[in-house]
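Here is a short briefing to keep beside the viewer.

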Amino acid sequence: MAGVETAAEHERILREIESTDTNCIGPTLRSVYDGHEHGLFMEKLDGRIRNHDREIEKMCNHHFQGFVDSITELLKVRGEAQKLKSQVIETNRRLQDDSRELLSCTDELRQCRLQQRNIAVTIDKLAHCLPVLEMYSKLQEQMRAKRYYPALRTLEQLEHTCMPRAGQYRFCSIMADNIPKLRIHIRDTAMTQLRDFLESIRKHSDKIGETAIKQAQLQRSLDSSVSVQSRALIGRRTRKETMVGTGKESDRQGSSPLSEQDFGILDVEDEEEDEVPGAHELVDFSPVYGCLHIYTVLGLRDVFENYYRKERRKQARLVLQPHSNMHETLEGYRHYFNQIVGFFVVEDHVLHTTQGLVNRAYVEELWELALSKTIAALRTHSSYCDDPDLVLDLKNLIVLFADTLQGYGFPVSQLFDMLLEMREQYGEILLKRWNITFRQILDQDNYSPIPVATEEEYKHYTSQFPLQDPELDKLPFPKKLPFSEFVPKAYCQLKEFIYACLKYSEDLHLSSTEVDDMIRKSTNLLLTRTLSHCLQYAIKKKNVGLAELVQVIINTTHLEQACHYLEEFISNITNVPPDTVNATKLYGTSTFKDARHAAEAEIYTNLNTKIDQFLQLADYDWTTPGQGGGTPSDYLTDLIAFLKSTFSVFTNLPGKVAQTACMSACKHISTSLLQLLLDPEVRQISIGALHQLNADIRECESFARAGPVAGFQGDTLLLAFSDLRQLLDLFVQWDWSTYLADYGRPTCKYLRVNPHTALALLEKMRETGRKNNMFAQFRKTDRDRQKLLDAVLKQLRNLIAQHHA
């Protein structure tokens, strides 16, 4: 059984050797050597070889004739091959001879092609290098010409376009090393030019502002709002075109050369004097544009914007700081406004000609700062001013300042609000000036009616003051106007004050009604405060005479009558009808009435003072005996003469005033004489003294009956002396029985005699009787008189006691 398996395994190995590639037979043979039947396998292998040899021999025997035929053919082919070989050798010889010439031509051609390629490469390299050199040369030329923005653009093109194409060359490396240095140089130079520009416009902002204000003033003189608006639009469009044009020029040429006179300020001295150049035409903004473009290209636009805004804010603070003595002259204010206008004209131009260097919010922030500081400065400095002309000029300057900036789009309503505040200050200053003026007029006035000799003089005064007196017109020349010089002068000054108020109200964009209301209120202040105080001053000052007071009353009466002409005058200049609803009325009537009443009261007071002065001259002998007193006292005669002359001056006064003055004077005389009787220092009064006083009273009554002032009915003026008359009649006539019997009745003869007064006078008479008759007390007549006096005293006391109870 084992031998069969071994034979089968050997058979399998043999088949595998026959069918397997020689390279892979190693593992098969290893399996044979690994076994123990090596000899047996070799026998089998030899047997198999012999079998294959027999098969090969059979096959060769079968194909032998074909093999012989093939050999025969092969021998024939060998002869032909020798022949072919000789032909090939000959052909090769000839080919080699021909190829030698071809090879030399080919070498020449290769050399030419190599040269052509080197030339082409050189031309290509030069084509890339020449633009670099040309661009660098152009850059150097632009740097020498100080055209920095085009130089920077050339530098950018050189670095990013030309040099990468040129390749790595030594000169390119040198250029590349110089490029950062050139950028820094351009940046620093542009910044230096910008600093010079900022310093220049700071110095010349006054000139720029002055030019802008002149332009605004020229536009205002045209007096056409439509024209002004169109000019503003044209100006905006021109600035936009300037922006575009400037940008193009900057792209092509860069910064323009600086003015030889001053950096950034163009020379305009050759301009015709009649032509006012535009404010932006005075300034060369190319340093700003150039620096902005340069920093934009360098990627530092934010740095430039921040620097520009920071520096301009610093300059704004310097511009907005006024000089300490600015309020002294108008030029100080003008210089201050010119600087502010110049600053904002520059900022407005930069705003509209650059894209984002400054924006609207930044400009508005600066304007708010400027507005607040300007208003604060004006409020402070204007408060020092006491000259109305300077305040008016300042107001006109502020209006022009506001209109100029409003033309550039800045809101200026707060400035006009401040002008309305200054209106109050202006009014107070006017009141102070007119206070001095009115006082000067009053001090210079002669308080006499104005004499008029010719028609021309009459027309002159009636043109100054609206006098309407037909009776005076009919009188022949020469004649006198009823009032003094004060009236036409004061009336003219009132009109001048109204004109001064109107001047301030101009150009404040107020309605006619508002202007009318402001003028009327200011005029009322002038009337009620200033003129009223001046009149009171004239009335109350020392040494003013009765004639002057009478003339003051006449003057104020005419001024009061002229008040409605002032109303019409204001209505005419403001074009507001006087009957407009809520229109303020003038208080002139009440002002002049109050002044007249004060003058009247002063007349009464002065008249009484004069009477007191005369009464101080009274020298009664209160103890004089007898029944004398037939003639009035000298002092009273002088007093009556004075009163007659005084009341003769009162003919031009209103009747009521003259009557009141006359009645007041008579009452004062009567009261003063009664006080003399009742004076505590007068302890004794004789019947003779009463007779003298009675004579004086008769003189006063005679004066009253003569009618020193027209208008009294009957004996009205005598009532002033009725108290004293009844008292003296009672004592002189010694009619005590009637007095005591009729006391308290309405029909009593001595109704005005006060029992207390009578008692006091009786006491003084009793004292006189005691001292004069102390040695005649034993005479029956004197004793009877003394008893009668005591009886009357007793009855009077009882009467007083009864009525008191």
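Predicted model: local features only at pLDDT ≥ 70, side-chain atom pairs only at ≥ 80, totals over all residues.

The protein chain has 805 residues, and 42% of them count as buried. Its secondary structure consists of 26 helices and two strands.

**The chain as a whole**

- The accessible surface of the protein chain comes to about 45,200 Å², and carbon and sulfur atoms account for 52% of that area.
- Take the contacts between residues at least 6 apart in sequence: 79% of them join residues at least 24 apart.

**Backbone points to check**

- As background for this group, most peptide bonds are trans, and most residues other than glycine have a negative phi.
- The peptide bond that runs from Phe-477 to Pro-478 is cis, and its omega is near -5 degrees.
- Pro-478 sits in the loop between helix H14 (470-474) and strand S2 (479-481).
- Tyr-447 is not a glycine, yet its phi is positive, near 55 degrees. You will find Tyr-447 in the loop between helix H12 (413-444) and strand S1 (450-452).
- Is Tyr-447 buried or exposed? Tyr-447 has a relative accessible area of 12%, so it counts as buried.
- His-509 is another non-glycine residue with a positive phi, here about 60 degrees. His-509 belongs to the loop between helix H15 (486-505) and helix H16 (512-540).
- With a relative accessible area of 56%, above the 50% cut-off, His-509 is exposed.
- Trp-734, which follows H23, has a positive phi as well, near 50 degrees.

**A nonpolar patch on the surface**

- Phe-64, Phe-67, Val-68, Ile-71, Leu-74, Leu-75 and Val-77 form a nonpolar patch on the surface. Together these residues have about 660 Å² of accessible area.
- One of the patch residues, Phe-67, lies in helix H3, which spans residues 38-144.
- Phe-67 counts as exposed because its relative accessible area is 51%, where the cut-off is over 50%.

**Buried spots**

- Helix H23 (residues 722-732) is mostly covered, with eight of its 11 residues buried.
- Which residues of H23 are buried? They are Ser-722, Leu-724, Arg-725, Gln-726, Leu-727, Leu-728, Leu-730 and Phe-731.
- Asp-516 is part of helix H16. At a relative accessible area of 3%, Asp-516 is buried.
- Which residues does Asp-516 touch, not counting those up to four places away in sequence? Asp-516 touches Ile-570, Thr-574 and Val-576.

**Cysteines**

- How many disulfides does a search of the whole structure find? The search finds zero disulfides.
- Cys-700 is in no disulfide: the nearest cysteine sulfur belongs to Cys-666 and is 7.5 Å away, whereas a disulfide needs the two sulfur atoms within 2.5 Å.
- Cys-700 is buried, with a relative accessible area of 0%.

Technical notes. Residues numbered from 1 in each chain as written. Heavy atoms only, no water. Helix = DSSP H or I, 4+ residues; strand = E, 2+ residues; numbered from the N terminus. Buried < 20%, exposed > 50% of the residue type's maximum accessible area, 1.4 Å probe, protein only. Contact = heavy atoms within 4.5 Å. Areas by Shrake-Rupley, 256 points an atom, 1.4 Å probe, with all protein chains shown as cover. Patch = residues over 30% accessible without salt bridge, like charges linked within 9 Å, V, L, I, M, F, W, Y side chains within 5 Å. Salt bridge = Lys/Arg side-chain N within 4 Å of Asp/Glu carboxyl O.
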